[in-house]
Amino acid sequence: MRSIWNGAISFGLVSIPIKLVNATESHSISFRQIHTEDGGRIRYRKFCELEEREVTQGEIGKGYEDADGTIIPITDEDLSSLPIPTAKTIEIVAFVPADRIDPLQMDAAYYLQASGAPAAKPYTLLREALKRSNKVAIAKFALRGRERLGMLRVVGDAIAMHGLLWPDEVRAPEGVAPDTNVTVRDKELDLADALMDTLGEVDLEDLHDEYREAVEEVIAAKAAGETPPQAPEPAAGGKVLDLMAALENSVRAARESRGEEAGDHAEVQPLPQRKTSRAAPKQTGGKKSTSTAKKTAAKKTAAAKKTTAKSAQGTKKTAAKSTAKKTTAKKSTSRKRSA
């Protein structure tokens with residue numbers, strides 16, 4: 001990797017010669033400006049106002065415009081010989097826990113590469129000291145015409161430096177948060193937690209720039225004289241009136257996308273809906289009808305028992321009468337014979 005700055009890390013009385021290289025790279029697609037009528041390139045030319053002619057890059061320098069419009073030339077030699085210790089040195093000023101750094105201050109990232117064999121031992125010493133302390137180093141350095149703040153931390157076997165914005169460069173979030181009083185219920189928080197758990201974690205290596213891929217497809221199609229792919233119709237959106245329903249649907253959709261079964265979200269307890277409250281009387285009515293059916297069945301059974309008892313009693317009475325008649329007949333026959 002090509003270095004963009006050469007200097008040293010000042011670690012107390014220890015000096016570590018290093019090279020500064022970019023730790024990131026941009027993969028975004030760049031476009032040229034063209035004349036829409038004929039496709040001609042649009043170029044910006046370096047033009048001197050005094051001589052009224054185009055100048056080359058080698059003729060261009062830096063200058064500071066004063067309040068009265070006067071231009072004060074500033075050369076690279078002027079900037080490289082500034083009377084500050086950070087002109088060619090990354091000066092470590094403190095070691096702090098990593099959570100003391102506000103992510104809003106994070107800027108560009110660089111790798112610090114040891115410059116030559118003599119730098120290997122102090123470079124390794126600083127790296128291992130950062131590892132064992134679980135801290136990061138706060139440093140000051142000068143780059144591209146200004147002094148900057150940096151944070152040094154260990155990445156693998158290397159030391160990385162994140163440029164930091166100065167604290168007064170981070171704006172306060174005034175007027176950003178909602179200015180209305182909103183009450184969040186526990187059940188809403190439970191559903192939000194369930195959604196967070198369902199989405200879970202992600203391996204950042206699996207994420208990629210879909211926008212860039214889509215642009216590349218458009219470019220390839222137009223280069224081949226084909227029709228570029230069309231964007232799908234956006235889903236019909238509407239105003240979310242029921243936050244609970246939106247959260248429930250989000251949890252359900254997230255779990256379905258992960259291949260989980262519908263029963264896996266049984267632990268999510270939704271708020272009672274109006275349909276449920278209307279269905280309650282029907283359920284109660286069902287209980288009443290069941291009770292009524294039981295009572296009717298009981299009555300029928302009792303009536304059947306009474307009918308059976310009456311029939312039995314009638315049968316017994318008929319049998320008794322028949323027996324009595326037979327007895328009387330026998331007595332009459334016996335009296336006649338005696339006479």
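**Reading a predicted model: cavity, strands and rings**

Mentor: Strand β10 supplies four residues to the lining of the largest cavity, the largest share. Keep in mind that this is a predicted model.

Trainee: How many cavities of 30 Å³ or more does the structure hold?

Mentor: The structure holds two. The largest cavity contains about 70 Å³ of space. Its lining has 13 residues, and the closest to its centre are Asp 107, Arg 148, Leu 149, Gly 163 and Leu 164.

Trainee: Which strands each supply at least two residues of that lining?

Mentor: β8 (106–114), β10 (146–155) and β11 (158–164) each do.

Trainee: How do the residues of the lining of the largest cavity divide by type?

Mentor: Seven are nonpolar, one is polar and five are charged.

Trainee: Now the pockets. What is the volume of the second largest pocket?

Mentor: A pocket is an open set of points, whereas a probe in a cavity cannot get out. The second largest pocket has a volume of about 180 Å³. Its lining consists of Phe 47, Cys 48, Glu 51, Arg 53, Val 55, Glu 59, Ile 60 and Gly 61. By type, that lining has four nonpolar residues, one polar and three charged.

Trainee: Let us turn to strands. In which sense do β1 and β7 pair, parallel or antiparallel?

Mentor: β1 and β7 are parallel, with three bridges. Ser 10 has Glu 91 in β7 as its bridge partner.

Trainee: And in which sense do β7 and β9 pair?

Mentor: β7 and β9 (residues 135–143) are antiparallel, over six bridges. Phe 95 has Ala 137 in β9 as its bridge partner. Glu 91 stands opposite Lys 140 in β9.

Trainee: How many bridges join β9 to β10?

Mentor: Seven bridges join them, and the two strands run antiparallel. Ile 138 stands opposite Met 151 in β10. The hairpin of β9 and β10 has two residues between the strands, and Arg 144 takes a positive phi near 55° there.

Trainee: Is β9 largely enclosed or open, and what should I count?

Mentor: Count the buried residues, those under 20% relative accessible area. In β9, seven of the nine residues are buried, so the strand is largely enclosed by the rest of the structure.

Trainee: What should I picture for side chains along a strand?

Mentor: In a regular strand, side chains alternate between the two faces of the sheet.

Trainee: How many aromatic pairs does a search of the whole structure find?

Mentor: The search finds one. To classify a pair, check the angle between the ring planes: over 60 degrees counts as edge-to-face. The rings of Phe 11 and Phe 95 have planes at 70° and centres 5.8 Å apart, so this pair is edge-to-face.

Trainee: Which residue lies over the face of Trp 5?

Mentor: Lys 88 does, at 5.8 Å from the ring centre.

Trainee: One last residue. Where is the place of Tyr 211?

Mentor: Tyr 211 is in helix α4 (residues 210–223). At 65% relative accessibility, Tyr 211 counts as exposed. Compare sequence with space here: Tyr 211 and Ser 28 are 183 residues apart in sequence, yet 9.3 Å apart in space, C-alpha to C-alpha.

Notes
Residues are numbered from 1 along each chain as its sequence is written. This is a predicted model: local features need pLDDT of at least 70, side-chain atom pairs count only at pLDDT 80 or more; totals for chains, interfaces and linings use all residues. Side-chain values use heavy atoms; hydrogens and water are left out. Rings of Phe, Tyr and Trp (its six-membered ring) pair if their centres lie within 6.5 Å; planes under 30 degrees apart count as stacked, over 60 as edge-to-face and the rest as tilted. A charge sits over a ring if NZ of Lys or CZ of Arg is within 6 Å of the ring centre and within 35 degrees of the ring normal. On a 1 Å grid over the protein atoms alone, a cavity is a set of points where a 1.4 Å probe fits but cannot get out, and a pocket is an open set with protein on both sides within 12 Å along at least five of seven lines; lining residues have an atom within 4 Å of a point. Grid points are joined across faces, edges and corners, and a volume is the space filled by probe spheres set on the points. Ala, Val, Leu, Ile, Met, Phe, Trp, Tyr, Cys and Pro count as nonpolar, Asp, Glu, Lys and Arg as charged, and the others, Gly among them, as polar. Two strands pair if DSSP finds at least two bridges between them. Buried means under 20% relative accessible area, exposed over 50%, partly exposed in between (1.4 Å probe, protein chains only).
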